[in-house]
Amino acid sequence: MVQPGESIQSAVNNATSGDEIVISPGNYNENIVITKDNLVIRSESGNPEDTIITASNNASDVFFVDADNIRIMGVSIKGAGIDKAGIILSGALNCTVYNNKITDNALGVYLKNSMYNSVLNNTVAQGKRAINVERSHYNKIINNDVSGERFGIYLTASEGNELSENSANMNSNHGIVLESCNNNRLENNTANANNGYGIYIASSGSNNLTGNTADSNLIYGVYFSDSGNSSIANNKAVNSIRGIFLLRSGESTVLNNLALNNREGIRISSGMNSNISGNEVSNNNASGISLLNSVNCTVDKNLLLNNSLGIDLELSNNTVILNNSVREGGRAISLRNSGYNLVSNNTALNNRYGFYVIRSQWNTLLNNTASTSVNHGIVLVNSTNNNFMNNILNSNGVHGVYLSNSSTNTLDNNTASGNSRGIYLISSGRNNILNNTVLGNREYAILLSYSTGNNISGNEASNSGRGIHLSTCQNNVVSRNIITLNSISGIFMSSTSNGNIIFDNYLNNVFNSNIKDGSEGNSLNITKTAGTNIVGGPYIGGNFWAKPDGTGFSQTATDADGDGIADTAYELQGNNYSDFLPLVGGFEPEQSVMPPTAFNTSNTGTESQTEVNESESQTEVNESENQTEANESESQTEVNESENQTEVNESETNNTESADDGEIETNNTESADDGEIETSIDETTEDAE
C-alpha cells in the first residue's frame, strides 16, 4: 500500500513479479519507470478522481513502461510535457491500461513497438494526441473517451488493432487517424464535432470500419486517401462537408451506410473496382453518391432522397448503376463526360430531372423508370452513341426524353406517356428513335426541331395533341409508325423542313397531316418494294391514311389488282404533296393500351433545391415558343424552334475540379459544367497534422 507522501517508484522498485501495488487516495508528484514484468498498479478506491499522479518532471513521461503484463488502473495522470506521455508502453506485451483519467499530457496513452495490449475505459483530454499508437500491433483500444485533444486516437504504421466503442469528439483536428496502417478494425466508435475529420485514413489498406458515427465534423465525416481494399459498412456520416470520401482508394466496399445532411454524401474520386451498395443517402445539397475519375465501380441498391444530384458520374467509365431508388431530388442520375457505363433497373420519382447525360458516349440506360419529374425524364446533351432501351418515362412535367446537340444515339422500346411532350430532339442528328410507345402526352408525342438525318421508325405516337412533328428538319426518315387519335394532327412538317421521307406509317386521326407549303423535297412514299407493310400487305410504298369514323382515304380507296396499294394517289389537302402509293386493305396494326396513371404527380421535387444551381435561364424549351407559324388551320402553332435553346443552358462552363496532391479542403470552385455553379473542394491529400 502506498500512502500520500510515499513513493510509488519505491514500491515498484521493491516489488517482485506478480505483486499488486495499491495506491491510497491522495496527490502524488513523481515520474514512474516500470521495467519489471507482471505488476498491478491500481488505486485503492478504483476512482481516478481521488488518486492523482502528477509528473514531477514534465520533460519525462509520467509512467514509462518497458515490461510485460503490467496493469495500471483507476488513477488520474497528468503533467507530461512536449512529446511526453501520461502512460507510454515501449516494447511492451499484454499490458492493460484501464479506467484512468489522463489529462494535460502532450500524449495521453502512447503505445510504441508494443503488442497485444488493452487500453480500456479511460478518459483522455487536453493534450496533443489522446491515444497514440506507433508501430504497434494487435492491441485493443476500447470504450475510451478521447475528447478535447488535438487528435483523439492516432495510429501510424500499426496493424491488426481493434478500436471499438470509443468516443473521439470535439478534438481540434481529427477524431481518429490511421496513417500507413493495415488490417485494423474500427467498430462502433463515435467521432463527432471535430474541427477537421471524424475518421481520417491515409496510405492504409484493408481496414474495416463498421458501425461508426461521424456527426457534425467541420470537414469530412469519414475520409480515405490512398487506402484501398477497405470495408466501410453500417456507418453514419452526417452533417459535414462530405460524409464518406474515398480518394485513390479502390477495391473498397461502401455498404449500408447512412449519409445525411452533408454537402456530398458518398464520394469516390480516382478509384476503381469499388462497390457502393445498400446505402441511404439523403438531404445532401450537392450530391448523394458521386464518382469522379473512377472506373469499374458498382452503385447498387441505394436509396437516395432529396439530393441535388442523386447519383453523379463525372469522367467515370465502365461503371454499373443498378437497382437504385432516387427520389425527390434535383437530377436523379447524372452522367457527365463519362462513357461505357450501364444504368439499369433504377427508379427515379419526383425529381427535377430523371436521368441527365451530358458530353457522354457509349452508355446504356436500360429498364429504368423516370416518372413525375418536375422537368424531364431523360435529358441527353452533347452526347453520342448512347443506347436507351426499355425505359419508362411517364408523367414528367415537360419531356419524357429530351435530346439536344446529340447524335448517333438510339432510343429503342421505351415508354413515354403522360408527359407534356413525349420525345423531343433539337439540333440532333443521325439518331435512331425506334419501337417506342409514346402515348397520352399533352402536347406532342414525338417532336423534332432543327434536326437532320434521324430515323423515326416503329414507334406508336398516339393519343396526344400532335403525333410526329417536324419543325425545320432535314433528311429524316419517318417509317412504320402507328400514329393515331392525336387531337391536332398526325404528321406535321413546317415550311422549312426539307428532304424528309414519310412512308409505311399507319395514321388514324381526324387530321392526319399538316405539311406546309414552301417545304421542298419531302416524300410521302418510297418506290414500290416487295415486303410486308405496316397493315400486312405485300408491298411497301406509302402510308395508310385512316380516320376514326372509317372515312379515311385508305379505308375507302379501291385496289383493283389486290397489291395492297390504292389505284390512285392520295392528294393531301392544303398543299401540293401527294402519297403516290397509299396503302389499302390489310389489318389494323396492334396498338398499345394507354398505361394507367400510377405515379404521384404532385411533384414534391422541390424546385428550391439548388439543383446544382440551375440558373433556370433554361427557359425549358421556352414554352411560349414564339409559335409564330400561325394560320395552321388546326390552330397548331408550329413550335417555331428557335426555342431560345437555353434549355439546359449549355453555356457549360467547364468543370475544373482537380484531383491532384495537396488537398486543402476549403472552398474551391468546381463548376458543374452545365451552367450550374457548384462550389467544391479540391480532391487532393494533406497530412493529418
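Predicted model: local features only at pLDDT ≥ 70, side-chain atom pairs only at ≥ 80, totals over all residues.
The protein as a whole has 689 residues, of which 59% count as buried, and its secondary structure comprises 2 helices and 68 strands. Among the contacts in the protein with a separation of 6 or more, 39% are accounted for by residues 24 or more positions apart.

**Around G400**

- Although G400 and N419 are 19 residues apart along the chain, their C-alpha atoms are separated by 5.9 Å.
- When the neighbours within four places in sequence are left aside, G400 is in contact with H376, G377, I378, L393, N419, R421 and G422.
- R421, one of the residues in contact with G400, lies over the face of Y424, at 5.6 Å from the ring centre.

**A parallel sheet**

- An open sheet is formed by 8 strands, whose order is β24-β27-β30-β33-β36-β39-β42-β45 and whose pairing is parallel.
- The edges of this sheet are taken by β24 (213–215) and β45 (369–371), each of which has a single partner strand, so that one side of each is left without a neighbour in the sheet.
- From one strand to the next, the twist averages 5°.
- Within the sheet, strand β33 (residues 280–282) and strand β36 (residues 303–305) run parallel and are joined by 3 bridges.
- Looking at individual residues of these two strands, V281 has L304 in β36 as its bridge partner.
- As background to such pairings, the strands of a sheet pair through backbone hydrogen bonds, and they do so in either a parallel or an antiparallel manner.

**Aromatic rings**

- A pair of aromatic rings is described by two quantities, namely the distance of the centres and the angle of the planes.
- The count for this model comes to 15 aromatic pairs.
- In one of these pairs, the rings of F151 and Y154 have their centres 5.0 Å apart and their planes at 90°, and the pair is therefore edge-to-face, since planes over 60 degrees apart count as such.
- Both members of that pair, F151 and Y154, are buried.
- Y223 and F245 make another pair, with ring centres 5.7 Å apart and planes at 55°, so this pair is tilted.
- The ring of F245 has a charged residue over its face, namely R242, at 4.6 Å from the ring centre.

**Cysteines**

- A search of the whole structure for disulfides finds 0 of them.
- C95 is buried, with a relative accessible area of 1%, and C473 likewise counts as buried, at 0% relative accessibility.

How values were computed
Residues numbered from 1 in each chain as written. Heavy atoms only, no water. Pairing = 2+ DSSP bridges. Helix = DSSP H or I, 4+ residues; strand = E, 2+ residues; numbered from the N terminus. Axes fitted to C-alpha atoms, helices over the stretch in contact; angles between N-to-C directions. Disulfide = S-S within 2.5 Å. Buried < 20%, exposed > 50% of the residue type's maximum accessible area, 1.4 Å probe, protein only. Phe/Tyr/Trp six-rings, centres within 6.5 Å; stacked < 30°, edge-to-face > 60°. Lys NZ or Arg CZ within 6 Å of the ring centre and 35° of its normal. Contact = heavy atoms within 4.5 Å.
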